[in-house]
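Thanks for coming. I will walk through one structure, a few regions at a time, and you can follow along on the screen.

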Amino acid sequence: MPAGSTCRICSGTLREFIDFGRQPLSNRFVRPEDIEGETFFRLATGICESCTMVQLMEEVPRELMFNEDYPYVSAGSSVMREHFASIARRFLNTHLKGEDTFAIELGSNDGTMLRTIADAGVRHLGVDPSGGVGETAREQGVRVLVDFFEKESAERIMAEDGPANVIYAANTLCHIPYLDSVFQGIALLLAKDGVFVFEDPYFGDVLRRNSFDQIYDEHYYYFTARSVQALAARYGLELVEVERLPVHGGEVRYTLAHAGARTPSLAVSELISEEDASGVAKLETLEAFSAKVDAIRDDLVGLLKDLKEQGKTVVAYGATAKSATVANYFGIGPDLVEFVCDTTPAKQGRLTPGMHIPVRPAQAFTDPYPDYALLFAWNHAEEIMAKEEGFRASGGRWIRYVPDVTVS
Ligand code: SAH
Ligand code: TMP
Ligand code: ZN
């Protein structure tokens with residue numbers, strides 16, 4: 001796996017500010033008989049001294065992460081299902097309103113977003129290299145190209161389907177190291193007055209909430225409005241709108257258009273000013289963040305060891321990709337956390353990457369309730385708390401570690 005010290009966007013110098021050491025592939029849930037063959041890499045992030053893009057120092061080959069067995073499905077959260085239905089309705093009422101409009105989604109996964117657009121009879125195409133989830137999307141009536149989106153696939157789509165009025169990507173652009181090829185494809189495919197809308201975890205929120213576990217192999221980039229604006233400009237595109245989103249622990253939805261086609265909203269310059277004022281690109285801010293992660297580690301591991309000594313039962317909730325960083329960096333294994341429960345069928349019966357905590361179905365949580373639950377899926381806290389009211393009522397307590405270690 002190539003190690004880089006230059007920016008993947010502009011070739012500027014990268015300055016490393018956090019190193020989680022040796023980590024497994026975050027979504028590779030292993031069968032008990034396969035634990036010998038795990039792949040590891042060094043998980044570390046740096047910031048570009050020129051364009052301020054925060055990115056991983058090492059790249060994992062894409063086929064190792066996104067393939068037939070990719071287990072993550074968008075439909076696993078009811079909040080996300082509503083989130084995607086809502087953005088789809090918004091597109092249908094705006095950019096997709098005219099005659100024979102065309103929408104493309106990059107990272108269409110199980111078709112949760114495109115389903116609404118397909119149901120409305122609007123021309124669309126999902127692009128996703130993970131064949132298993134792609135098949136689920138097709139079963140919902142969604143048209144899918146099982147492939148990596150990049151310049152070459154964009155050229156093929158342009159030849160077959162023509163320009164797109166909307167190109168959308170949620171939690172996908174930050175997964176793609178080769179953005180040069182992707183942006184060439186987008187600039188080619190986007191209709192003159194079309195929009196490219198993408199949403200990803202916001203680096204400003206990662207710093208503000210100490211959500212260090214947003215950093216894992218699949219998240220190659222950690223965007224800010226400033227770094228996205230600079231990125232867009234390299235391809236004749238312009239950042240014209242930003243919206244803060246509450247999902248996944250804090251995201252920003254960026255809208256890009258061909259340069260000069262739309263007037264950028266005030267929100268863009270306001271967010272960039274806010275980023276400058278809070279010092280998101282300053283090395284001292286980044287180093288303070290890194291130190292805070294180590295403090296959280298000491299607190300959480302100390303707490304889990306105390307609970308174990310007291311003979312309490314502790315399980316984890318949500319076998320998230322981001323919990324691979326927490327478990328492996330902090331050294332949390334089955335000795336401290338008995339199992340992790342998760343609703344995703346493809347994860348159940350397997351072991352978490354690296355630390356090998358058994359993954360069990362959601363029902364294991366209630367049967368019987370543990371004394372403590374470590375909330376790995378903290379980004380879905382509201383939804384989970386509402387669903388698991390009985391846990392606290394039975395005397396159980398939630399353990400969180402973002403932004404700080406708390407028991408409640
Ligand atoms: N958009 C969904 C899925 C996010 S998971 C949601 O927000 O819930 C990221 C998805 O990106 C995976 O399904 C993965 O297969 C896909 N992906 C990775 N690289 C890609 C690429 N180059 N082009 C299109 N999709 C890609
Ligand atoms: P995510 O953080 O990448 O969205 O992953 C969330 C994981 O948590 C996913 O594996 C599904 C799981 N999950 C549950 O097990 N129960 C729940 O109620 C929710 C919302 C998620
Ligand atoms: Zn750069």
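Before anything else, a word on the labels: helices and strands here are DSSP runs, numbered from the N terminus, where a helix has at least four residues and a strand at least two. With that in hand, take Pro403, which sits in the loop between strand E16, residues 397-400, and strand E17, residues 406-407. The peptide bond leading from Val402 into Pro403 is cis, and its omega is near 5°. Please keep in mind that this is a predicted model.

There is another cis bond to point out. It runs from Asp367 to Pro368, with omega near -5°. Pro368 belongs to the loop between strand E14, 359-360, and strand E15, 372-375. As background, most peptide bonds are trans.

Ala316 has Val340 in E13 as its bridge partner.

Four strands form it, in the order E1-E2-E3-E9, with antiparallel pairing. Strand E1, 14-24, and strand E9, 221-222, are at the edges with a single partner strand each, so one side of each has no neighbour in the sheet. Strand E3, residues 54-56, runs antiparallel to E9, and two bridges join them. Val54 is paired with Tyr222 in E9. A helix packs on this sheet as well: H11, residues 323-330, touches E1 and strand E2, 40-48. Its direction and that of E1 make an angle of about 80°.

Staying with that region, look at Leu25, in the loop between E1 and E2. Is Leu25 buried or exposed? Its relative accessibility is 4%, so Leu25 counts as buried, the cut-off being under 20%. If we leave aside neighbours within four places in sequence, Leu25 is in contact with Thr39, Phe41, Val60, Leu64, Asp217 and Pro353. Val122, by contrast, is 97 residues from Leu25 in sequence and 37 Å from it in space, C-alpha to C-alpha.

Now to strand E4, residues 102-106. How many of its five residues are buried? Five of the five are, so E4 is largely enclosed by the rest of the structure. Both of its faces are covered. Phe102, Ile104 and Leu106 are buried on one side, and Ala103 and Glu105 are buried on the other.

E4 also has partners. Five bridges join E4 to strand E5, residues 123-127, and the two run parallel. Ile104 stands opposite Leu125 in E5. Four bridges join E4 to strand E7, residues 164-170, again in parallel. There, Leu106 is opposite Ala169.

In the loop between E4 and H3 we find Asn109. Asn109 has a phi of about 50° although it is not a glycine, and with a relative accessible area of 6% it is buried. In the loop between E7 and helix H6, 179-189, we find Asn171. Asn171 likewise has a positive phi of about 50° and is not a glycine. Asn171 is buried, with a relative accessible area of 19%. For background, most residues other than glycine have a negative phi.

Last item, a pair of helices. The axes of H8, residues 225-233, and H9, residues 266-278, come within 8 Å and cross at roughly 125°.

Notes
Residues numbered from 1 in each chain as written. Chains lettered and ligands numbered in written order. Predicted model: local features only at pLDDT ≥ 70, side-chain atom pairs only at ≥ 80, totals over all residues. Heavy atoms only, no water. Buried < 20%, exposed > 50% of the residue type's maximum accessible area, 1.4 Å probe, protein only. Pairing = 2+ DSSP bridges. Contact = heavy atoms within 4.5 Å. Axes fitted to C-alpha atoms, helices over the stretch in contact; angles between N-to-C directions.
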